[in-house]
Amino acid sequence: MEETSCIKTLLINVVFSIIGFILTMKLIPGLKHMFIKANLYGIDMSKTSREKVPEAQGVICGAIYLIVMFVFIPIPFLDHLATRDTLQFPFHEYVEFLAALLSICCMIFLGFADDVMDLKWRHKLLLPTIASLPLLMVYFVTFDLTEIIVPKPLRGVLGYSLDIGLLYYLYMGMLAVFCTNAINIVAGINGIEAGQGLVIGLSVIAFNIMELGGNFREAHLFSLYFLLPYVGVCSALLYHNWYPSGVFVGDTFCYFSGMTFAVVAILGHFSKTMLLFFIPQVFNFILSTPQLFRFVPCPRHRLPRFDPQSDTLRPSMARFKSSEVSLLGRIILRVFSLFRLIELKENEGEDGKFIECTNMTIINLALRILGPTHEQRLTFILLMLQVFCSVLALFIRYPLARLVYERLQ
């Protein structure tokens, strides 16, 4: 694509993103009553008010995003459409565009199904895998690069690159599963899900702009076309979800966000770099693993505990019988307690010995470190941590990576 045409296409995409922002800002408050009427609402457990708050507002955000992207589809290909030259038409780019939208559309639908039917965790792992299949198929027929560059210290043994074949597709499928669930498990306070999505989106946009002069210019343009409208609708949703939240984003938004990031990472050919922008989410996943995989009993909700007298949040605790914990679970609890990642208590009850431990999330860990904290301040601190980790990711991606790679993609 010529430089002038590229700039025009990006400017049109920016205009569409602004339109998406305006539509989302208007429609979310306008449709509140419809969600409440359909019993899609909840009560904010971190407030004294018992007011009904509409849930699953991510579906509005996602729907507007899809409309914007559908209208945008022909714009990058206008030069080819004007000449009607089918021999020169970039069909592989067109197919990538449609497959990306298909995967995002699937995850919005499945996320809304989760909000309505409250799916189990095994479904939340399976559904992103299925939704990522169009992406992996398109990657296979258009790019099919499964080689990884070996770090300099290991090249004497393994050579410059290593073709891992099917394992690379397995990695990309797992990336889609991770991205769609990573934001979802860092949740429970006003603004945190939409805030994470916005910071990560802006960070990847900054990375794409820095890479426009490189060898993968078209891939990073592709990423920008998808992320600029995402940032537009996400900003509007964050405005309504910020403390005190008037709406809840729901699992729909988390699935929509995760698949959007997976799409641009896989088809934009920077799937390894994308993980660098998920440093807090990776840490939270590792911290949550004992409860997520039931090595330690996991309650239905791991939200922070609200103290109405001080209007602050405190770490929530899980309480269970000692007999419910396996030997591996006991070892994990001891190790986490040793490193002060959780608070661990053991006591006697009427039915025998009980164990209490802090729920294993980055939000509860932050409250352990900070002490009782107001919800808005806690969200701000966690988002500043996300910003810091994005700066760290860019440092790792550029100055640090050059010590072991000529180029990291």
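Helix α7 (residues 133-142) and helix α12 (residues 250-267) have axes that come within 10 Å and cross at roughly 10°. Angles under 35 degrees count as roughly parallel, so α7 and α12 are roughly parallel to each other. The model is predicted.

**Contact of α7 with α12**
- From α7, the residues L135, L136, V138 and Y139 take part.
- They meet M259, V263, I266 and L267 of α12.
- The residues of this contact divide into eight nonpolar, no polar and no charged.
- In general, an α-helix has 3.6 residues a turn, so residues three or four places apart point the same way.

**T361 in its loop**
- T361 sits in the loop between β9 (352-358) and α16 (362-370).
- Its relative accessibility is 6%. Buried means under 20%, so T361 counts as buried.
- The side chains of T361 and N364 are joined by a polar contact of 3.0 Å.
- Leaving aside residues up to four places away in sequence, T361 touches N284, L287, S288 and R302.

**Helix α9**
- Helix α9 covers residues 166-182, 17 residues in total.
- From first C-alpha to last, α9 reaches 24 Å, close to the 24 Å expected at 1.5 Å a residue.
- α9 is mostly covered, with 12 of its 17 residues buried.
- Among the buried residues of α9 are Y168, Y169, M172 and G173.
- The buried residues of α9 also include L175, A176, V177, F178, C179, T180, N181 and A182.

Technical notes
Residues are numbered from 1 along each chain as its sequence is written. This is a predicted model: local features need pLDDT of at least 70, side-chain atom pairs count only at pLDDT 80 or more; totals for chains, interfaces and linings use all residues. Side-chain values use heavy atoms; hydrogens and water are left out. Axes are lines fitted to C-alpha atoms, for helices over the stretch in contact, and angles run from 0 to 180 degrees between N-to-C directions. Helices (H or I, at least four residues) and strands (E, at least two) are DSSP runs, numbered from the N terminus. Angles under 35 degrees count as roughly parallel, over 145 as roughly antiparallel, 65 to 115 as roughly perpendicular and the rest as oblique. Contact means heavy atoms within 4.5 Å. Ala, Val, Leu, Ile, Met, Phe, Trp, Tyr, Cys and Pro count as nonpolar, Asp, Glu, Lys and Arg as charged, and the others, Gly among them, as polar. Buried means under 20% relative accessible area, exposed over 50%, partly exposed in between (1.4 Å probe, protein chains only). A polar contact is a pair of N or O atoms within 3.5 Å; within protein, one must be able to donate a hydrogen and the other to accept it, and residues adjacent in sequence count only if both atoms are side-chain atoms. The expected span of a helix is 1.5 Å times one less than its number of residues.
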